[in-house]
Amino acid sequence: MRICALDSAIYVECDKLLHDAQVMIMTSDHEGTPMVALEAMALGVPIVSTPTDGLKDLIDDGRTGFLADDDSVLAGRLIELSEDEQLRKACPLHPWRELANSTTLEDTSSA
């Protein structure tokens, strides 16, 4: 597994970097709903994160990603995802499957 960290002053094509990622990790202490997490989910990139407000709403721990306060647990999840391609591919698909199974055209027409 290759690990990339970016200095905030360096401009890169973030969408390409995220698209090519095997996993996205966020270790924020405080975070709303980060756009990058939504983008990762849309691209099928699994998320490993601390359980901040917005991410607790997006991620069902162990099903749609992984949440933990403990650094060793976060590291273990990263190792697990790096070694298990099936888990890496299945994990981010759960929210889209659930949405597809629970949402109908009638649900969206009243919005």
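Which strands does helix α4 (residues 71-83) lie across? The legends below answer this and describe further views of a predicted model, in which local features need pLDDT of at least 70, side-chain atom pairs count only at pLDDT 80 or more, and totals for chains, interfaces and linings use all residues. Residues are numbered from 1 along each chain as its sequence is written, and side-chain values use heavy atoms, with hydrogens and water left out.

**View 1. Helices lying across the strands.** Helix α4 lies across β1, β2 and β3, and runs at about 165° to β2. Helix α2 lies across β1 and β2, at about 160° to β1. Axes are lines fitted to C-alpha atoms, for helices over the stretch in contact, and angles run from 0 to 180 degrees between N-to-C directions. Contact means heavy atoms within 4.5 Å. Helices (H or I, at least four residues) and strands (E, at least two) are DSSP runs, numbered from the N terminus. The protein chain has seven helices and three strands.

**View 2. The open sheet.** Three strands form an open sheet in the order β1-β2-β3, with parallel pairing. β1 and β3 (66-67) stand at the edges with a single partner strand each, so one side of each has no neighbour in the sheet. Two strands pair if DSSP finds at least two bridges between them; β2 and β3 pair in the parallel sense over two bridges. In this pairing, S49 stands opposite L67 in β3.

View 3. T50 is found in the loop between β2 (47-49) and α3 (53-58). With a relative accessible area of 9%, T50 is buried (buried means under 20% relative accessible area, exposed over 50%, partly exposed in between, with a 1.4 Å probe and protein chains only). The side chain of T50 reaches the backbone oxygen of S28 at 2.6 Å. Leaving aside neighbours within four places in sequence, the residues in contact with T50 include M26, S28, L55 and L74.

**View 4. The largest nonpolar core.** A nonpolar core is a set of buried Ala, Val, Leu, Ile, Met, Phe, Trp, Tyr and Cys residues joined through side-chain atoms within 4.5 Å. The largest one has 11 residues, among them L18, A40, V45 and I59. The elements giving two or more residues to this core are β1 (24-26) and α2 (35-43), and α2 provides the largest share, three residues. Not counting residues up to four places away in sequence, A40 touches L18, M24, V45 and I47. A second, separate core of eight residues includes V23, F66, L74 and L81.

Methods: A polar contact is a pair of N or O atoms within 3.5 Å; within protein, one must be able to donate a hydrogen and the other to accept it, and residues adjacent in sequence count only if both atoms are side-chain atoms.
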